[in-house]
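Let's take a friendly look at a protein model together. Have the sequence and the 3D view ready, and follow along topic by topic.

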Amino acid sequence: MALGMMLAVMGGMLVCVQNTFNAKVKEQVGAWATTTLVLAFGFLASLLVGLISEGFGLFAVTGMETWYWFSGIIGVGVVMSVTQGVQQLGPSHAISIVMVSQILFALLWDTLGWFGLEAIPFTWKTAIGIVLIVGGVLLFQLSGKKETAHQKAKQVG
């Protein structure tokens with residue numbers, strides 16, 4: 001369990017760093033070029049590390065539903081939407097909204113047992129947790145986004 005928690009924290013950190021970098025790339029080359037670069041480099045890195053660690057067994061994809069193979073296409077939507085959200089809102093505001101969205105949809109899919117997941121009952125403890133998480137993010141969002149020196153300079157210049 002501790003390893004799973006550490007990996008989840010690492011994943012959250014990497015998502016934030018990646019999307020901050022993606023927003024900077026998007027400033028130079030646009031949204032579609034950014035998405036293409038991100039996913040192409042990700043493909044190459046995955047392929048190289050996968051071949052080194054698993055050899056050609058990497059491609060033994062039997063016994064799963066065919067539509068799961070296309071989750072990379074969903075990645076296009078993830079990169080496009082989060083990158084643009086980070087650019088427009090800043091990393092902390094955009095990622096906090098992404099986080100709440102992920103939690104709410106994961107809860108929905110867990111509760112309903114969608115996508116081959118085992119259905120997990122919705123309890124009052126879950127409801128309280130969701131209210132606290134959403135309330136915390138709303139409080140953070142409504143605390144006001146201060147204008148940065150960079151934004152002020154853009155307005156003047």
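In this predicted model, the side chains of Lys24 and Glu27 meet in a salt bridge, with 3.8 Å from N to O. That distance counts because the cut-off for a salt bridge is 4 Å. The structure holds one salt bridge.

**Around the salt bridge**
- Lys24 and Glu27 sit three residues apart in helix α1, which spans residues 2–29, so about one helical turn separates them.
- Glu27 counts as partly exposed, because its relative accessibility is 44%.

**A buried residue in the helix**
- Asn22 also has its place in helix α1.
- Is Asn22 buried or exposed? Asn22 is buried, because its relative accessible area is 5%, and the cut-off for buried is under 20%.
- Leaving aside neighbours within four places in sequence, Asn22 is in contact with Thr34, Val38, Val79 and Thr83.

**Aromatic rings**
- How many aromatic pairs does a search of the whole structure find? The search finds four.
- One of them joins Trp109 and Phe115: the ring centres are 5.2 Å apart and the planes stand at 85°, so this pair is edge-to-face.
- Trp114 and Phe115 also pair edge-to-face, because their planes are at 90°, with ring centres 6.4 Å apart.
- Phe105, Trp109, Trp114 and Phe115 form one aromatic cluster.

**How open these rings are**
- Phe115 is exposed, with a relative accessible area of 53%.
- Trp109 is partly exposed at 29% relative accessibility, and Trp114 is partly exposed at 39%.

Technical notes: Residues are numbered from 1 along each chain as its sequence is written. This is a predicted model: local features need pLDDT of at least 70, side-chain atom pairs count only at pLDDT 80 or more; totals for chains, interfaces and linings use all residues. Side-chain values use heavy atoms; hydrogens and water are left out. Helices (H or I, at least four residues) and strands (E, at least two) are DSSP runs, numbered from the N terminus. Buried means under 20% relative accessible area, exposed over 50%, partly exposed in between (1.4 Å probe, protein chains only). Contact means heavy atoms within 4.5 Å. Rings of Phe, Tyr and Trp (its six-membered ring) pair if their centres lie within 6.5 Å; planes under 30 degrees apart count as stacked, over 60 as edge-to-face and the rest as tilted.
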